Amino acid sequence: MTARLEKTQAITPAGGRTRAGNRAVLPLVLGLPVALWQLAFFVLPVIFLIVITFWKVRSFRLEPAFDLGNWEKVLTSTPFQRALVYTTEVAAIASLLCMLIAFPAAHAIALGLSETARRRWIAFLIIPVFSSYILKVYAWQVVLSPGGVVNVSLAALGLPQVDLLGGALSLNIGLLTLTLPVVTLILTFALMGVDRSLLEAARNLGASGGQVLMQVTLPAIRSGVGLAAVTAFLMSFGDYASPVFLTGSNPPTLSILIVDTVKSGSQWPRASVIGVSMLVILALAFVTVQFLTQRRAGGAR
Amino acid sequence: MMRAVIRNLYLAALAIFLLTPMLVVVVFSFDANRFPTLPWGGFTLAWHREALGDALIVSAMWNSLIVSLGTAVLATILGFCAAYLDYRYRFFGKRSLMLVIAVPPAVPVTILGMAMLAALSRTPMFGTPLGVIVCHVAIAVSFAMALIRLRLGDLGDDLEQAAWNLGASQRNGLLHVVIPFCRPSLIAAFCLSAAVSLDEFMVAWFVGGVNETLSVRVFNLLLGQVNPKINAIGTLVLATSLVLVSIAQMSARVGGTRKDAA
Amino acid sequence: MIDPYVRLEALDMRYPGHHAVKDLSLDIAGGEFIALMGPSGCGKSTTLRMIAGLEQPTSGRILIGGQDMTHVSADRRGTPMVWQNLALFPFLSVEDNVAFSLKMRGDSPASRRRAANEWLEKVGLGGMGKRHISQLSGGQRQRVAIARALVTQPSILLLDEPLSALDAHLRVHLQTELARLHRELKITFIYVTHSQSEAFALADRVVVMADGVIQQAGPPRAVYRAPVNGFVASFMGMNTRMDGSVAARSDGMIWVDCPEGRIAVPDTVAAGPGAALSFVIGADRMRLLGGHERAPEGHPTVAGRVVGIEFVGSTQTIFVASDTGRDFRLQRLDLGDDAVLTPGTPVTLTWDPRHAWVLPHP
């Protein structure tokens, strides 16, 4: 108790009259640049995006206004509604798939492997998170294409050709390439935090492997699972490369609608409306999952 | 026994799935065939040579170099400031500040790109490497801050106080004790920020205008026909990412081991 | 004390929900070796950190060499400290650790190196300047920390439990070393410790603290022999405390009625008949009566049984429970007769009544 109090007290050397200003200056010098930076290049652009949704386009130029027409037009338009439903559906399915594939892997890495092997796996999983996603999507494109590695191999075996590119399969392969490493890492870290003696105690008390999983492991990493699921959904929902290159933008997702609208140059306000709607949906998804995992945590106690 | 076999097979399948796209890019960059498929058309460096002879690609390389380095330097500096601020001080608005630093990577890049383009198109930074840098920093500072903050958690109060006690002003304590102590994490933050910037294509595409980075060049090539040069650039990009991320990981691990001379 | 070098005036340190140091005043002479001691949480470390400028007192003043230092920042006080966990910079070599404060002062690299190596020589680490901190043993690191603090030739050295992390053997060794350094440098050492043996072995004066208040300050011998109150008496450890009521006064002695009988103590306090009174007897003042030996006239005797024996080097401490249920301690040279002193052996204790000490403030 005392130690903790002393620690928070002793954050600066006792300053004198001569240097009384110094104590306030250093944090300001450190904090102001980064605060202004994030304000100028992240917060303001996002706010500006929201503002633009109310602006008008007149003879190809943006004009400040307060016009709810953009919102009305976009939200009631069939292409948007279709894209919204489709994108949500795609993201939900991809997230579910990702969780189902990632969990056994994370379980194996966190609880089944030796310390060294686990560290190697974590290192291995971090690499794809930070190495060019667009190249990997391209690689899947050529692998799955009609003349690609898979079909050539099938032909060599005398099997019929399959149309792999342009469907749910190729899309999910692309999205999994994006989400699997991150989600597996999140679940692995969550599982590493589980008290192993808890699992052993459960086994010792006669619980089967499945029972341990459902009754002990999963409840223990509830918030980790929530975070992993939200991450998977967020990444799949906002992705652009996989839908473009693996399904040929057909049907278009919300991200594709945004890029097409922006690049065509005329309908900025409408693109902004789509963007802001996406942000709202993602925020809702985040809050919902947070609420679910937190509430259950409370209820379990 | 059986369980272990199944487990290892499962993990191996995952590894193959994650490695395949990267290997495809690298392997076929040396394939003499124009279209990357089987059977193997023989080893060639032609595509690499051709890529290096392509003026657009070479200028994209320069742009990527500038943008990645600039992003890495700035994100590391700002990330350190943010991490130290979070570690040392309590102030009004701290939570909000940490939030606007942490959140950008979670926003879909299409939306981020659109917002940044909308804001930057009204400034002279639009269409320049600088414009891409400022946007990439806003994204990468989140990773830099996280890595450095992790290391600061191991610093403890004593080393800094010992420095003050030995005559170091707060500024000198920061310079001669905190920063050297954080060096491994600064290296990690630098490399990871560079990797993030190198791989990001959407914001760079929106904001960079004609100044394409390598990832944007790849993206633009992809929008056209299959081009074996993509594999060649891709190999370069992947190798660079691999090196950067590996250095970052090794440095972060050095930082992760608790100070051995307390 | 004609010329106090360090003067603490009514120092007060309040944390939210915790009053660490209360109205503490203390004068420390130039060149004095003073030990602040007390149980953990008594405010001794906080006091030291206030002197170093690492904590700002809520009120009160700190004067060093006649100058008011209360609001001078830590880096300008010239009060280097040796830390309990050493706080050596892990990313610097031994030499650079020692030279750190010279670098902060702006000395040239050449003179820094020279001074650092001189000091390494003085603490017995000559030639180790280029090593990494992690390559040193615990005792060697301790010496680096001492050299690092002394390299600027300060007039004060602060030591915050510097030896508590070392094993017993090294502790004694470094204790001697510190005593030697203090003799040679003739500067003020302010030493915080919870160890009575360290404080007594090193300090010219000990200051016993409890609950943020100085209980007693004085030469180790005086504090040990004449504790002012029950807390100091029990903190000194090797005492037996007895309580009773005043029965009579005669010949410079007070007769006290205790459960063990009527016992004489020196007449040093003003206490009327019937007043409650406590006194202590040092463990080394106690004696065991031999088989048929009689206690000298006027020497009290207490009968009891041996509870246990503890050996510290050549001395032994014998724990005795009296028939009245009080715990007595007796310390003596190891006589080799402990075979007969197995637990349960009946014994009789005695002491010279002049060696009892009446607590002025029980």
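This is a predicted model: local features need pLDDT of at least 70, side-chain atom pairs count only at pLDDT 80 or more; totals for chains, interfaces and linings use all residues.
Residues are numbered from 1 along each chain as its sequence is written, and chains are lettered from A in the order in which they are written. Local features need pLDDT of at least 70, and side-chain atom pairs count only at pLDDT 80 or more, whereas totals for interfaces use all residues.

**View 1. Contact between chain B and chain A.** Chain B brings 82 residues to this contact and chain A brings 82 residues, where contact means heavy atoms within 4.5 Å. About 7,300 Å² is buried between the two chains, with carbon and sulfur atoms giving 81%. Buried area is the accessible area (1.4 Å probe) lost on putting two parts together, summed over both.

**View 2. Polar pairs and residue types on the side of chain B that touches chain A.** There are 13 residue pairs in polar contact, both residues at pLDDT 80 or more. A polar contact is a pair of N or O atoms within 3.5 Å; within protein, one must be able to donate a hydrogen and the other to accept it, and residues adjacent in sequence count only if both atoms are side-chain atoms. The chain B side divides into 63 nonpolar, 12 polar and 7 charged residues.

**View 3. Contact between chain B and chain C.** Here 20 residues of chain B touch 25 residues of chain C. The buried area is about 2,100 Å², of which carbon and sulfur atoms give 64%. Between these chains, 5 residue pairs are in polar contact, both at pLDDT 80 or more.

Methods: Side-chain values use heavy atoms; hydrogens and water are left out. Ala, Val, Leu, Ile, Met, Phe, Trp, Tyr, Cys and Pro count as nonpolar, Asp, Glu, Lys and Arg as charged, and the others, Gly among them, as polar.
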